[in-house]
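I opened my notebook to write down what I looked up in this structure, beginning with a pocket and going on to the salt bridges.

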Amino acid sequence: ITQVRTFRGPSPVRITQVATEPSVGFAIAPGFLTQEQLQQVKKSILDFYTASKGRVPTRLALLNPGLSGVAGPVKTRAQLVAALHEVTLNESDASPDSALPLRFFSTLGETLQPLGGDWTVVVLTGDFPALPTELMPYAGALLSARAAANRQRLSVWNLGASMPAFLRAAG
């Protein structure tokens with residue numbers, strides 16, 4: 001096929017190569033992790049970076065009920081190690097109040113935005129609690145819509161025993 005007929009007449013067909021650059025953002029929610037889980041997350045992120053040989057641009061975001069900081073894209077393993085070293089549990093993270101999940105999830109779409117667009121893979125990382133039952137039908141749809149508006153592909157890495165249903169729907 002060398003041309004296509006449109007309402008304005010024949011139009012030449014052009015083939016253009018699209019080069020995409022995959023990138024990954026890890027959004028870590030320390031308020032929903034134990035110290036052991038946090039160490040597992042850090043090790044796994046380093047393993048991912050090592051396996052990709054540093055070819056996948058990687059960002060880190062520390063999520064409290066808002067964005068506490070974004071690192072990256074990291075260029076070297078040493079930069080990633082330094083950024084992960086900054087991720088710690090605070091005393092307030094160890095025993096979150098009952099309103100934390102609601103505040104966290106209500107602002108999550110906006111807080112993920114700095115991790116990149118162009119359909120970046122964003123991995124939500126934590127041991128996420130369930131939301132109140134009356135909010136469940138809306139939470140997954142809202143999170144999916146925000147990720148689409150940010151032009152991000154959302155994945156969920158839930159370190160808990162069971163994943164809340166709305167996260168299964170969103171990720």
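**Entry 1: the pocket**

I began with the second largest pocket, and I found that its lining is made of L102, F105, S106, G109, L131, L135, Y138, A139, L142, L143, R146 and F166. I keep in mind that the model is a predicted one. The space in this second largest pocket comes to about 170 Å³. When I sorted the lining residues by kind, I noted nine nonpolar, two polar and one charged. I then asked which helix gives the largest share of this lining. It is α5, with five residues, while α4 (100–111) and α5 (136–149) each supply at least two.

**Entry 2: the salt bridges**

Next I looked up how many salt bridges the structure holds, and there are two.

In one of them the side chains of K43 and D47 meet, at 2.8 Å from N to O. Both residues belong to helix α1 (residues 35–51), where they are four residues apart, or about one turn of the helix. I wrote down K43 as exposed because its relative accessibility is 52%, and the cut-off for exposed is over 50%. D47, at 38% relative accessibility, counts as partly exposed.

In the other, the side chains of D118 and R151 meet at 2.7 Å, again N to O. This pair links distant parts of the chain, 33 residues apart, with D118 in the loop between α4 and β6 (120–126) and R151 in the loop between α5 and β7 (152–158). Here D118 is exposed, with a relative accessible area of 61%, whereas R151 counts as partly exposed at 39% relative accessibility.

Conventions: Residues are numbered from 1 along each chain as its sequence is written. This is a predicted model: local features need pLDDT of at least 70, side-chain atom pairs count only at pLDDT 80 or more; totals for chains, interfaces and linings use all residues. Side-chain values use heavy atoms; hydrogens and water are left out. On a 1 Å grid over the protein atoms alone, a cavity is a set of points where a 1.4 Å probe fits but cannot get out, and a pocket is an open set with protein on both sides within 12 Å along at least five of seven lines; lining residues have an atom within 4 Å of a point. Grid points are joined across faces, edges and corners, and a volume is the space filled by probe spheres set on the points. Ala, Val, Leu, Ile, Met, Phe, Trp, Tyr, Cys and Pro count as nonpolar, Asp, Glu, Lys and Arg as charged, and the others, Gly among them, as polar. A salt bridge is a side-chain nitrogen of Lys or Arg within 4 Å of a carboxyl oxygen of Asp or Glu. Buried means under 20% relative accessible area, exposed over 50%, partly exposed in between (1.4 Å probe, protein chains only).
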